[in-house]
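Here's a quick tour for anyone meeting this structure for the first time. Have a look at the model, then read on.

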Amino acid sequence: MEPPSAPGPERLFDSHRFPSDGFLLLALLLYAPVGLCLLVLRLFIGVHVFLVSCALPDSVLRRFIVRVMCSVLGLCVQQSDPRLRDAGVRVYIANHVTQFDHNVINLLTSCNTPALNSAPGFICWSRGFMELGVSGSRAELVDSLKAYSSHRGNPPLLLFPEEAATNGRAGLLHFSSWPFSVSDVVQPVALQVLRPLVTVSVADSSWIAELLWTFFVPFTVYQVRWLPSVPRRVEEPSEDFALRVQELLAMELGVVSTRLTAADRTEHMKRLRHTSLLPFAPAQTNCVDTTIANLLEGRISFCPDSKEAGTDLPAPATSQAPAASGVQGSAAEPSPKAAAKQFARSPVERHLSLQERKRALYDYARRRFAERSGAARLGGP
């Protein structure tokens with residue numbers, strides 16, 4: 001059961017790039033010309049870094065040269081106590097913060113990260129992912145990774161059980177169990193990222209946008225901490241093994257271990273996109289059920305169309321005009337409670353508010369029916 005203090009998805013993922021503090025926004029505005037110049041310069045340097053990394057064979061010398069060149073790009077990598085890194089471990093388990101975590105850890109030690117969400121091809125290879133040629137189930141992926149790890153000449157695997165990047169400040173996503181089926185011994189790697197002026201990563205942002213922002217800011221500091229290797233206990237299921245490693249990493253990072261998954265992140269971003277579009281087109285849902293739900297839940301205000309009611313009435317006699325206008329005015333008057341813009345916090349208050357909105361809609365429908373019935377009688381022979 002999830003602890004009461006577990007953060008929600010709104011605290012695990014950043015949806016806005018720019019800070020809300022006015023002073024930081026002013027500093028970002030003043031820094032923007034310098035950042036644009038750095039961006040253009042680092043684009044040219046980045047091409048050379050890519051060519052050097054492709055030309056040199058995988059070795060300590062190559063990693064040192066590329067790491068120094070990456071510092072010019074603003075990527076500063078720090079590691080604490082590298083002696084804890086176990087040379088015999090075949091699987092590294094790390095938390096996921098940015099889309100370049102695997103590249104950063106690869107600057108410290110030789111490792112490969114399989115491509116799970118990237119399309120195979122040149123882009124996948126250039127980003128540093130390993131193509132396995134497996135497009136089936138997780139069981140096939142695990143079997144392929146086991147076969148890869150069985151060859152001692154291959155570098156260790158670097159896996160991210162969260163399967164989605166968080167902001168790294170509040171909590172860890174629930175670890176998937178399949179990475180812990182590859183090997184009986186894993187080594188956790190705690191990763192923290194610091195960046196001035198703008199957020200480290202924005203949910204649903206493309207890797208190209210994240211790369212450009214990395215070149216724009218003055219620097220991005222990656223802090224890598226190696227934890228002692230963790231063996232599987234006797235007859236321990238992969239789910240329990242994953243939960244145990246997740247708790248260890250959460251304690252090391254000073255965050256909370258949650259039960260939220262990558263699917264919860266996807267649903268959270270869908271809700272954010274939906275609510276962000278409502279102020280611009282509140283009634284253009286093209287769905288009756290969705291429109292009624294938006295009205296009842298208070299996402300949009302309830303405003304009856306008085307013009308439509310007026311066009312249904314024929315030109316009445318002078319003596320009947322006050323009565324007809326009185327009916328029209330009562331029908332067009334919206335209930336102030338029906339125009340509420342959000343749910344109350346208490347479930348009881350939300351239920352009462354929902355009933356009030358329903359009554360407002362029913363009362364409006366009755367008034368419209370009475371108005372139309374009266375208009376039909378007035379227009380009869």
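Where is phenylalanine 160 found? Phenylalanine 160 sits in the loop between strand 5 (157–159) and strand 6 (171–172). Helices (H or I, at least four residues) and strands (E, at least two) are DSSP runs, numbered from the N terminus. Keep in mind that this is a predicted model, where local features need pLDDT of at least 70, side-chain atom pairs count only at pLDDT 80 or more, and totals for chains, interfaces and linings use all residues. Residues are numbered from 1 along each chain as its sequence is written, and side-chain values use heavy atoms, with hydrogens and water left out.

**Two phenylalanines**

- Phenylalanine 160 counts as buried because its relative accessibility is 12%, buried being under 20% relative accessible area, exposed over 50%, and partly exposed in between (1.4 Å probe, protein chains only).
- Leaving aside neighbours within four places in sequence, phenylalanine 160 is in contact with Ala94, Asn95, His96, Asp101, His102 and Thr113 (contact means heavy atoms within 4.5 Å).
- Phenylalanine 175 is 15 residues from phenylalanine 160 along the chain, and their C-alpha atoms are 8.3 Å apart.
- Phenylalanine 44, in helix 2, is exposed because its relative accessible area is 58%.

**A nonpolar patch**

- Helix 2 (22–55) and helix 7 (207–216) each give at least two residues to the patch, and helix 2 has the largest share, with 3 residues.

**The largest pocket**

- The largest pocket holds about 1300 Å³ of space.
- Its lining has 38 residues, and Phe50, Ser53, Asn103, Ser126 and Arg127 are the closest to its centre.
- A pocket is an open set of points on a 1 Å grid over the protein atoms alone, with protein on both sides within 12 Å along at least five of seven lines; lining residues have an atom within 4 Å of a point.
- Grid points are joined across faces, edges and corners, and a volume is the space filled by probe spheres set on the points.
- Helix 2 supplies the largest share of this lining, 7 residues.

Conventions. 1 Å grid on protein atoms, 1.4 Å probe; cavity = no way out; pocket = protein on both sides within 12 Å on 5 of 7 lines; lining within 4 Å.
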